[in-house]
Amino acid sequence: MDPAANKELSSCVKAAVRVRPLSKNEQTDLCQTCVDVQRTTNEIILANSTAFTFDHVFLPSTAQDEVYRECIYDMIEGCFQGYSASILAYGQTGSGKTFTMGSGVEYTDPEMEGILPRAIMHIFQRCANYERESEGKGLEIPKCVVSCQFIEVIEQLISILNS
């Protein structure tokens, strides 16, 4: 990947919004979604008609793989070109951060896996591919060094720190 050919990868911070589906309890209570997603314009429109534009917007029905492919895949590929990558999930409690990141529950259905397990698999598959390619060409096997930091700030910790 030529960095000059993909300036978005090397120089832009991007913001994506994913509207989570209603929970079972919310459906039982006949709650309704209070935002409208406009994929063509990448806008989220709140109930009071206030619109916000983002680089990516995702419907509640969006598959985990689609979020990964649109937002994360190129970032991971860029790491193999020497770029660093940071992914931040931000939002109020219950907004779907843990589901999207995939850090809360182990899913038996691979389609439900979030960003973190997908990124980890992607990174280690790329490292294994480098090793196989080098070995097949009779070259010295490259050393892949992976460094990852994961921080989850929980509401209880914030309450303790603020008291």
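Is Arg 39 buried, partly exposed or exposed? Arg 39 counts as partly exposed, because its relative accessibility is 31%; the class lies between buried (under 20% relative accessible area) and exposed (over 50%), with a 1.4 Å probe and protein chains only. The model is predicted, so local features need pLDDT of at least 70 and side-chain atom pairs count only at pLDDT 80 or more, while totals for chains, interfaces and linings use all residues. Residues are numbered from 1 along each chain as its sequence is written, and side-chain values use heavy atoms, with hydrogens and water left out.

The side chain of Arg 39 meets that of Glu 66 in a salt bridge, at 3.2 Å from N to O. The term salt bridge stands for a side-chain nitrogen of Lys or Arg within 4 Å of a carboxyl oxygen of Asp or Glu. Arg 39 lies in the loop between strand 2 (35–38) and strand 3 (43–46) and Glu 66 in helix 3, so the pair ties together parts that are 27 residues apart in sequence. Helices (H or I, at least four residues) and strands (E, at least two) are DSSP runs, numbered from the N terminus. Glu 66 is partly exposed, at 32% relative accessibility. Arg 39 and Glu 66 also belong, with Glu 70, to a network of salt bridges.

The structure holds 5 salt bridges. Side chains of opposite charge can pair when their charged atoms come close. One of the salt bridges is between the side chains of Asp 65 and Arg 118, at 3.4 Å from N to O. This pair links distant parts of the chain, with Asp 65 in helix 3 and Arg 118 in helix 5, 53 residues apart. Asp 65 is partly exposed at 36% relative accessibility, whereas Arg 118 is buried, with a relative accessible area of 15%.

Another salt bridge joins the side chains of Glu 77 and Arg 126, at 3.1 Å from N to O. Here too the pair links distant parts of the chain: Glu 77 is in helix 3 and Arg 126 in helix 5, 49 residues apart. Glu 77 is buried, with a relative accessible area of 12%. Arg 126 is buried as well, at 18%.

Helix 5 itself comes next. Helix 5 has 22 residues and reaches 31 Å from its first C-alpha to its last, close to the 32 Å expected at 1.5 Å a residue; the expected span is 1.5 Å times one less than the number of residues. The buried residues of helix 5 are Ile 115, Arg 118, Ala 119, His 122, Arg 126, Cys 127 and Ser 134. Why do the buried residues line one face of helix 5? Seen down the axis of the helix, they fall within an arc of 165°, so they line one face; the arc is that of the directions from the helix axis to the C-beta atoms. Their cover includes helix 3 (64–79) and helix 4 (97–101). On the other side of helix 5, Arg 132, Glu 135 and Gly 136 are exposed.

Phe 124 is placed in helix 5 (residues 115–136) and is partly exposed, with a relative accessible area of 49%. Together with Ile 120 and Val 146, Phe 124 makes a nonpolar surface patch of about 270 Å². Patches are made of residues with over 30% relative accessible area and no salt bridge, with like charges joined within 9 Å and nonpolar side chains (Val, Leu, Ile, Met, Phe, Trp, Tyr) within 5 Å. The accessible areas come from the Shrake-Rupley method with a 1.4 Å probe, and for residues only the protein chains shown count as cover.

Backbone angles form a separate topic. Most residues other than glycine have a negative phi. Leu 30 has a positive phi of about 60° although it is not a glycine. Leu 30 is found in the loop between helix 2 (24–28) and strand 2, and counts as exposed at 70% relative accessibility. Asn 42, also not a glycine, has a positive phi of about 55°. The loop between strand 2 and strand 3 holds Asn 42, which is partly exposed, with a relative accessible area of 21%. Just after helix 5, Gly 138 takes a positive phi of about 70°.

Lys 14 lies in the loop between helix 1 (7–11) and strand 1 (16–18). Lys 14 is partly exposed at 41% relative accessibility. The C-alpha atoms of Lys 14 and Ile 87 are separated by 9.8 Å, and the two residues are 73 residues apart along the chain.

How values were computed: Contact means heavy atoms within 4.5 Å.
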